[in-house]
Amino acid sequence: MALSKLDLAFQQAKTRKAIIELLKRVLINRLKLPLEIDEVADDSPLFGSGLGLDSVDALEIVVVVEKEFGVSITDDDMQAFRSVNTIVDFIIAKQAEQKEEQ
Amino acid sequence: MNATYTATRNTAALFDFSEEGRFYISGDDCVPFINALISTDLDSIQEFTLLNTLFLNKDGTILAIVWVLKDEERIIILTEPDRRQVVTEHLNTHRDNWNIEISDETERTRCLAVIGPQAQEITREVADDDIVGLSYLGFEWNEVVDALLCRIGYVGEYEYRFIVPTEQAQSLENRIVEKGKDYDLEEQGDLSVLSVLKLEMRSLNQQRDVPPNVTAIQAGLHWMIDFRKDEFIGRDAIHEQKKAKGRKLLTLLFDGEDLPPIPSEVFIEEQKLGKLVNVEYSPTVGKSIGLAYIDEDLAYVGISFYILVNDKTLSAQSVSAPLFITNTVKGISQ
């Protein structure tokens with residue numbers, strides 16, 4: 001039986017939440033941020049006035065995203081890394097792209 | 001398209017922020033006094049830098065979103081115009097036993113801001129080449145124009161703010177306008193455009209985006225809180241609320257250009273799941289965008305919602321913020 005729109009929305013939210021939590025966990029560990037998962041909002045700016053990350057941290061993010069999520073990142077892609085949510089968008093789009101290519 | 005919007009996203013616009021509150025706090029205890037009130041740690045920043053932070057109520061709701069500037073002898077607080085009175089009361093309520101002086105400088109100063117991808121070039125012409133060394137979230141006294149120059153920013157573009165004694169403001173404004181001619185500066189920035197400029201970057205306007213009963217956690221302002229700080233007003237509530245939010249603020253991208261009324265209920269099927277608190281048409285995106293508080297379990301990007309306006313259904317999808325990469329950020333990244 002097909003899922004109702006509401007059930008589908010809950011399922012989408014659950015999938016997204018799992019990726020977000022994994023990304024937050026690896027970012028906190030890798031960047032040694034003095035934060036817990038529920039202390040980072042999904043749309044918090046990563047750089048500048050937000051979490052205060054810098055260009056060195058940006059390179060760490062590339063390494064950790066490539067390793068944990070199996071996607072490759074170019075210099076141009078880096079512009080999209082503005083918040084946890086925009087990184088998750090990137091991961092989901094890249095993983096879908098890679099699936100199509102297989 | 002509004003000329004101020006076009007200029008801010010493509011060249012630069014001059015805004016008059018003089019209606020915003022400007023408080024100067026001096027005295028031996030100025031740093032610990034303000035540190036006891038804000039949700040981030042003033043001791044963690046160097047002199048001549050600034051913080052975007054919160055004055056919280058004990059229950060974790062927001063009294064005011066503020067900018068705090070720290071120099072070698074005083075603290076300066078910048079507030080939205082509508083928060084000036086509550087911040088005055090808040091500072092006075094808590095000032096006992098501190099060796100401080102509080103001065104509301106709002107009437108004695110003006111604040112002019114140049115915002116846009118060309119703002120740095122214009123500010124260089126106005127205030128000398130040295131300003132290129134002024135980092136984001138830094139400020140300095142600029143001797144060329146005799147004004148406090150701050151590099152702030154919440155619309156994703158370069159933003160330079162001049163805080164200047166009222167009697168010198170007109171000549172500074174004339175100078176900015178004159179130097180800005182070569183850069184297509186929009187001379188009289190329309191303040192109403194800030195609403196959509198901020199919404200596109202998910203920078204919140206407290207009056208519009210944060211109803212009084214909403215907590216800082218629900219509004220997603222975690223990054224304005226130092227969770228490791230031992231003491232500040234609202235700390236205990238914040239640590240409770242981060243575990244169970246109730247509703248969370250999400251950015252919605254509508255399918256078209258219609259602007260539903262504010263507030264509006266947000267639905268999936270026939271279930272009310274949230275409330276739309278702000279909506280604007282975004283010229284860059286070409287669609288309406290909004291902010292809505294959505295039930296926590298569904299407050300994630302990629303979910304399709306709808307809003308009923310009379311008998312018409314307006315579809316919207318939750319999206320990530322910021323909504324796009326600005327010309328300033330593209331320039332910095334290259």
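Colleague: Which residue in β17(B) does B:Leu252 stand opposite?
Modeller: B:Leu252 stands opposite B:Ser318 in β17(B). Please keep in mind that this is a predicted model.

Colleague: How many bridges join β12(B) to β17(B), and in which sense do they run?
Modeller: There are 4 bridges between β12(B) and β17, which covers residues 312-319 of chain B, and the two strands run antiparallel. β12(B) is also joined to β15 (residues 287-295) of chain B, by 7 bridges and again antiparallel. Within β15(B), B:Ile294 is the bridge partner of B:Lys248.

Colleague: Let us turn to the sheets. In what order do the strands of the open sheet of 5 strands in chain B lie?
Modeller: The order is β3-β4-β5-β2-β6, with antiparallel pairing. At the edges are β3 (49-56) and β6 (101-104) of chain B, each of which pairs on one side only. On average, neighbouring strands of this sheet are turned by 25° against each other, direction ignored.

Colleague: Which residue stands opposite B:Ile25?
Modeller: That residue is B:Ile75 in β5(B). The strands concerned, β2 (residues 21-26) and β5 (residues 74-79) of chain B, pair over 6 bridges in the antiparallel sense.

Colleague: And which strands does helix α3 of chain B lie across?
Modeller: Helix α3 (residues 84-93) of chain B lies across β2, β3, β4, β5 and β6 of chain B, and runs at about 15° to β2(B).

Colleague: What about the open sheet of 6 strands: what is its order?
Modeller: In chain B the strands follow the order β8-β9-β10-β7-β1-β11, and the pairing is mixed. β8 (139-142) and β11 (185-186) of chain B each have a single partner strand, so one side of each is left without a neighbour in the sheet. Helix α4 (residues 119-127) of chain B packs on this sheet and touches β1, β7, β8, β9, β10 and β11 of chain B. The direction of α4 makes about 35° with that of β10(B).

Colleague: Which residue of β9(B) is the bridge partner of B:Phe139?
Modeller: The partner is B:Cys150. β8(B) and β9 (residues 147-152) of chain B are joined by 4 bridges and run antiparallel.

Colleague: Changing topic, how many aromatic pairs does the structure hold?
Modeller: Over all chains there are 7. In one of them, B:Phe48 and B:Phe139 form a tilted pair, at 5.4 Å centre to centre and with 45° between the planes. These two residues are 91 residues apart, with B:Phe48 in the loop between α2 and β3 of chain B and B:Phe139 in strand β8 of chain B.

Colleague: Is B:Phe139 buried or exposed?
Modeller: B:Phe139 is buried, because its relative accessible area of 3% falls under 20%. B:Phe48, in contrast, is partly exposed at 31%.

Colleague: Now for chain A. How far apart are the end C-alpha atoms of α1(A)?
Modeller: They are 38 Å apart, which agrees with the 39 Å that 27 residues should span at 1.5 Å a residue. Buried residues of this helix include A:Leu6, A:Ala13, A:Ile20 and A:Leu27. Their cover includes α2 and α3 of chain A, together with β13 and β14 of chain B. The residue that follows the helix, A:Lys32, has a positive phi, near 50°.

Colleague: How many residues does the largest nonpolar core have?
Modeller: It has 100 residues, and among those with the most contacts inside it are A:Leu23, A:Ile61, B:Leu54 and B:Leu221. Helix α1 of chain A gives the most to this core, with 10 residues. Another core, of 23 residues, lies apart from it and includes B:Ala12 and B:Ile131. In general, nonpolar side chains tend to be buried together in soluble globular proteins.

Colleague: One last point: where is B:Thr326?
Modeller: B:Thr326 is in the loop between β17 and α9 of chain B. With a relative accessible area of 2%, B:Thr326 is buried. Leaving aside residues up to four places away in sequence, B:Thr326 touches B:Arg9, B:Val155, B:Gly156, B:Glu157 and B:Met201.

Definitions and conventions: Residues numbered from 1 in each chain as written. Chains lettered and ligands numbered in written order. Predicted model: local features only at pLDDT ≥ 70, side-chain atom pairs only at ≥ 80, totals over all residues. Heavy atoms only, no water. Core = buried A, V, L, I, M, F, W, Y, C linked by side-chain atoms within 4.5 Å. Buried < 20%, exposed > 50% of the residue type's maximum accessible area, 1.4 Å probe, protein only. Pairing = 2+ DSSP bridges. Axes fitted to C-alpha atoms, helices over the stretch in contact; angles between N-to-C directions. Contact = heavy atoms within 4.5 Å. Expected span 1.5 Å × (residues − 1). Phe/Tyr/Trp six-rings, centres within 6.5 Å; stacked < 30°, edge-to-face > 60°.
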